[in-house]
Amino acid sequence: MATKSIRRAAVIGSGVMGSGIAAHLANAGIPVYLLDIVPFNPGPNDDVNDPSFRNRIATANKEALKKTNPSPVYSLRDLDLITVGNTSDHLEWLAEVDWIVEVVPENMKIKRDTFEKVEKHANPNAIISSNTSGLSIEGMLEGRSEGFRQRFLVTHFFNPVRYMKLLEIVEGKETDPSVTETIVRFGSQTLGKGIVFGKDTTNFIANRIGVHGMMTIMHLMDKYEMTSEGVDAVFGRPMGRPGSAVFRTADLVGLDTFVHVAKNCYDTLTEDEEREIFNVPGFMSQLVEKGWTGQKAGQGFYKKTREGIETLDLNTLEYRPQVKPEFASLSKAKGAPGDRIKKVVVDGDDQAAKFAREVTLRSLAYTARRLSEIADDVLNIDRGLRWGFNWDLGPFETWDALGVKWAYDAMKEADISVPDWVTTMVESGVESFYKWEGATQYYYDPRVKSYQAIVKSARELNVDFLQKSNKKVLSNSSATLHDMGDGIALLEFHTKMNSIDPDLIEMMHKSVDEIEANWDGLVIGNDADNFSAGANLLLVLMNAQAGQWSDIESMVKSFQDANQRMRYCWKPVVAAPAGLTLGGGAEVTLGANAVQAAGELYMGLVEVGVGLIPGGGGNLQLLRNVLGPYAGDKEFDAFPFLKKVFLAIGMGQVAKSAEEAREFGFLSQTDRITINRDHLLYEAKQAALGLAKSGFRPPRAAKFRLPGPDGVATIDMLLYSMEANGQISAHDRLIGKTLANVLCGGQTTSSALVDEQHLLDLEREAFMSLCGEPKSQARMQHMLMNNKPLRN
């Protein structure tokens, strides 16, 4: 019987995908063996029996993880969970693991040979899977035993593994359902993936439809006289696609990889009515032959030069300066993804709109014709494209946005073949592929010619569900308090970028009053990509320029008080940050009793970038986290830890994962991490319930022994040296010295204790003084206009 839990894994094949899978297993705390072949070309000085030579390939690929940007690991310490080896000496390790993932080259013979070796050494209960992007399961399993076949399936990850949500699962004819159940649970809960079920067909779901769409664009661009820049302008944000659009995406993926996927479709899909679409254009084949394979080669469809980004002319294959296209239809594409797409495809009338219309109609019709061949339902296809290609809307969601009847009629008028099931659906009066009834969403299933409820895990708790379930308790223009159930409330921010403003602060205060009176606990979180990008900088700048100092100070004092009230609330407060958690957003998080953070967390106190220091309690909060129980210990030398806090704030350091946030001191050792973003609010609620049921009492306020002016002088010596060497400006030094004064406790000595309010008063005074500095105001204005810091 196959294992029911996965505590140790092995990855065979250590290339980009294999090492990426191993890295993400390590992110989840899973020890993993990373194996590759022994090098077959030893040099004259190589000892072929030396383990350093025999493990060289896997070792080099593990080392490459340290330099990869963006990082495939949450923390470099995660790499300690990866043990390298080779497939000649270490296959006996497979007896120790619960899951073996094959990631060798896409060659049927190599895969069969690999599985033959795996079967001889694997734990008889281990699950075995292949990361193939399209080779048939039957072909790979030739010669394998019944037990092996029952424990086998395809687990197709997308690159980069840490960041791409999609995990396509494809069962073989003999796969034991319990094996699939285990992998689905592990993939979702432990690895944080969105699971899509495909069928044993070429390139499965996402690559089949996504590559067809991109190839359709390339084949039609000449008809509409579109340049590379024009294509990427159309099929980027206006059409609900990522900013990398088409040609930049190809550069990122690698033109050789893209060509391989397309060629695999062309070679194997001999019965596909649009097989020729997968025939790689000549210009792309030439680029691969030249080695111009995209970002990894330094050039592809685009090339970065000292003068800026250059574009490849697809006719001459020579680079030229970029030319920004102007299309009236794109300028009107504003609002939600569906609204933008409709503005272009339905309402637009210029060349870009006509191009987008034909590509979209052909792609949607092709996708509809593939239903039942590649997936059982529209839901899996839509999720595959959203999670694997980062589309805002999947194909059938896009069809809904255009209007099902409008798109159907347009396809008929353009003589585009539409499958019978869509005709039946339209003629029966069904107007959409998806619909809502209360808090339940349904999708149209042509197999039963009716709607089916989308079944969600209890862990998929989100604000959208609470809103549709009428769970609102309190609300204003900036924030809402919702009932999560079981005595736990949720405070949701909903300003632009969830920035902190007076109304939001007011709701924080009201929430504490409400929670203490009527609830068992509070979660602070939301469904947005970003928890909070910080304070409303424009409001601060406008008040500073107008000399409205009392308004600024009142807001800062109220925000400090709100965070302190959250900290010392008589009911547990759990913050659930995800994405950008900067400045004021970090202060809200640091003010909670506990944190349930998303793995993808980008957290920092970054106010120095706009000429300020944290003003909502961030200096106190980070000191409290880093000094911990020793803050008031007279035998404890606080200065090395003060230096750590000073550098984190003074350098505007941003942690690029929740684990790194822990290393920086933004999260404590007891704060917890959720890798699946969709499960974050559920797990934060469970954390709040756990605290409430275990006799929660608010913590005692900290007192600190800080070095005072002596500490400030020591830090200023460092700042003086940096200014003298041209590393920082005089204004940077002023900000640094102001920050040092707050962190060192102002006019105190290490023989005295200072309380939290003393530090908050120092912080507020410092914040106000810097708001009045013309150069700080210039930095604020520059950030608002250019979205990047100014050094002056």
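Predicted model: local features only at pLDDT ≥ 70, side-chain atom pairs only at ≥ 80, totals over all residues.
Local features were considered at pLDDT of at least 70 and side-chain atom pairs only at pLDDT 80 or more, whereas totals for chains, interfaces and linings use all residues. Residues are numbered from 1 along each chain as its sequence is written, and side-chain values use heavy atoms, with hydrogens and water left out.

Helices (H or I, at least four residues) and strands (E, at least two) are DSSP runs, numbered from the N terminus. An open sheet is formed by 8 strands in the order β3-β2-β1-β4-β5-β6-β7-β8, with mixed pairing; two strands are taken to pair if DSSP finds at least two bridges between them. Axes are lines fitted to C-alpha atoms, for helices over the stretch in contact, and angles run from 0 to 180 degrees between N-to-C directions.

Within this sheet, strand β2 (residues 32-36) runs parallel to β3 and is joined to it by 5 bridges, with Leu35 opposite Gly85 of β3. Strand β1 (residues 9-12) also pairs with β2 in the parallel sense, over 4 bridges; here Val32 of β2 is the bridge partner of Ala9. In a regular strand the side chains alternate between the two faces of the sheet. Both faces of β2 are covered: Val32, Leu34 and Asp36 on one side, and Tyr33 and Leu35 on the other, are all buried (under 20% relative accessible area, with exposed over 50% and partly exposed in between; 1.4 Å probe, protein chains only). Because 5 of the 5 residues of β2 are buried, this strand is largely enclosed by the rest of the structure.

Helix α3 (residues 56-67) lies across β2 and β3 and runs at about 150° to β3. Helix α16 (residues 378-389) lies across β7 (166-171) and β8, running at about 135° to β8.

A further open sheet consists of 3 strands in the order β9-β10-β11, and its pairing is antiparallel. Its edge strands are β9 (302-305) and β11 (318-321), each pairing on one side only. Neighbouring strands of this sheet are turned by 40° against each other on average, direction ignored. Strand β10 (residues 308-313) pairs with β11 in the antiparallel sense over 4 bridges, and Asp313 stands opposite Glu318 in β11.

The axes of helix α30 (residues 730-743) and helix α31 (residues 756-771) come within 9 Å and cross at roughly 165°. The contact (heavy atoms within 4.5 Å) is made by Ile735, Thr738, Asn741 and Val742 of α30 and by Leu759, Leu762, Glu763, Ala766, Ser769 and Leu770 of α31.

Glu659 is located in helix α27 (residues 658-664). Apart from neighbours within four places in sequence, Glu659 is in contact with Tyr74, Ser75, Arg77 and Ile673. The C-alpha atoms of Glu659 and Asp267, which are 392 residues apart along the chain, are separated by 44 Å.
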